[in-house]
Amino acid sequence: MIGRQYLRENPETVREALDRRGETEIDLDRVLAVDEEWRELKAEGDDLRHERNEVSDRIGELKAEGREEEAEEAIERSQELKAELDRVEERADELEAELEDALLRIPQIPDDDVPDGEGEADNVERRREGFDDLRDVPADVEPHYDLGEELDILDFERGAKVTGGGFYFTKGAGARLEHALIQFMLDLHREQGYTDLFPPIPINSRSMRGTGQLPKFNEDAYRVGGDEQEEYDDDDLWLCPTAEVPVTNMYADEILLDDDLPVKHQAYTPNFRREAGEHGTETRGIVRVHQFNKVELVNFTRPENSDDRLWALLDEAEEVLRQLELPYRVLDICTGDMGDKAARQIDLEVWAPADDTEEGPDRGGRWLEVSSVSNFGDYQARRAGLRFRPERHESAEYLHTLNGSGVAIPRVLVAIVEYYQNEDGTVTVPEPLRPYMNGQELIEGTEKIGEAAVGAGEKE
């Protein structure tokens with residue numbers, strides 16, 4: 001979040017940042033007015049409290065001197081001061097709550113070199129990788145949802161039956177492929193210096209607010225119990241939308257040592273999102289679903305090192321796509337499309353050759369975002385109370401947090417099924433994944449079960 005002192009001293013910088021982001025819902029003048037009135041009331045309350053203390057001391061003196069009439073007048077004045085102080089404090093508390101909510105909703109100030117723009121059409125493509133040596137793909141690549149059902153490695157109908165739309169089964173070689181991707185990524189990132197975590201899946205409102213999911217994005221999250229206002233209720237829980245939330249908040253209200261930094265954690269979790277803002281889109285397949293697996297990379301650094309760490313983190317995420325030999329591109333996300341928490345955001349989009357779209361590359365197909373690598377500066381650190389002490393005798397400072405997916409697994413699975421598809425309808429297993437699939441080189445299908453399989457001519 002934006003610090004109060006920073007807002008007071010740099011209101012035009014914050015206003016310019018809101019304009020760059022195209023943010024029109026924040027009434028900055030109102031926020032500044034609330035802050036000013038709150039400070040005036042705090043000062044008035046301090047004066048009233050000081051006067052009341054003086055009057056209270058005076059009452060004792062007057063009684064000791066036998067000046068009962070003056071003591072009674074002082075008592076009346078003390079009661080008046082208490083009533084006035086109660087009124088001032090009540091109003092100050094109201095303003096404090098309004099101010100805190102407003103500050104939580106103000107997005108991060110973008111870095112100066114973030115490209116300006118209104119939406120995804122204004123994102124800047126930095127480079128493409130893997131297109132100079134493409135493998136031969138069929139002339140008409142089958143979309144993953146069709147081929148996945150033909151091979152019986154994806155089951156959408158039964159997923160919807162047991163849970164609802166936006167949920168699915170992976171089956172047989174499909175499930176093995178998904179497990180292989182998870183373990184491959186964890187092993188790779190461990191070699192890059194990451195420490196493994198397996199965090200809790202339910203998380204509380206305080207943690208959701210600490211990383212910025214609340215209050216603005218609660219409609220996209222799955223609440224599983226409790227009241228957001230009762231933060232210390234054991235039932236105040238949400239399903240994890242991304243491992244960024246529990247991993248970042250594990251150090252909430254703690255002070256790390258300079259020698260600890262940088263901290264690099266990785267975590268595999270299932271993730272749950274309603275995708276409330278995307279109603280009606282991507283209804284086929286596993287590109288946009290309500291439950292998906294992901295390996296998340298979370299970094300904690302000194303402020304002066306976070307920019308360099310951003311590019312190092314990007315390289316660490318890219319290594320997954322390089323080793324899998326999947327073609328992809330790197331996008332510099334513009335101010336109008338960047339997440340509210342990020343000061344700088346770089347996206348990785350993998351190429352899936354089926355489902356030709358206007359946004360796809362010259363060779364057809366489409367781009368699928370598999371990672372957003374972001375530097376949040378001290379935005380999350382202020383919300384969650386994440387600090388470090390440069391030297392043991394120095395004051396603690398807010399550290400910087402970064403994260404990126406390493407990477408989102410369903411969309412990588414989509415890219416593999418489509419890019420590694422063969423003319424005969426089989427799918428070649430990328431070489432780095434074969435050790436995790438007992439040496440399996442080819443996905444030829446799973447034997448179907450039930451009456452619907454009879455006479456279907458499924459592949460063995």
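This is a predicted model: local features need pLDDT of at least 70, side-chain atom pairs count only at pLDDT 80 or more; totals for chains, interfaces and linings use all residues.
Residues are numbered from 1 along each chain as its sequence is written, and side-chain values use heavy atoms, with hydrogens and water left out.

Let me start with the whole chain. The protein chain has twelve helices and 18 strands, where helices are DSSP runs of H or I with at least four residues and strands are runs of E with at least two, numbered from the N terminus. Its C-alpha trace spans about 105 × 50 × 40 Å along the principal axes. Of the 460 residues, 51% are buried, meaning under 20% relative accessible area with a 1.4 Å probe, protein chains only.

Now to the helix pair. The axes of helix 7 (residues 173-191) and helix 12 (residues 409-419) come within 10 Å and cross at roughly 120 degrees, the axes being lines fitted to C-alpha atoms over the stretch in contact, with angles running from 0 to 180 degrees between N-to-C directions. Helix 7 and helix 12 are therefore oblique to each other, since angles under 35 degrees count as roughly parallel, over 145 as roughly antiparallel, 65 to 115 as roughly perpendicular and the rest as oblique. On the helix 7 side, the contact (heavy atoms within 4.5 Å) is made by Gly-174, Leu-177, Glu-178, Leu-181, Ile-182 and Met-185, and on the helix 12 side by Ile-409, Val-412, Leu-413 and Ile-416.

Technical notes: Buried means under 20% relative accessible area, exposed over 50%, partly exposed in between (1.4 Å probe, protein chains only).
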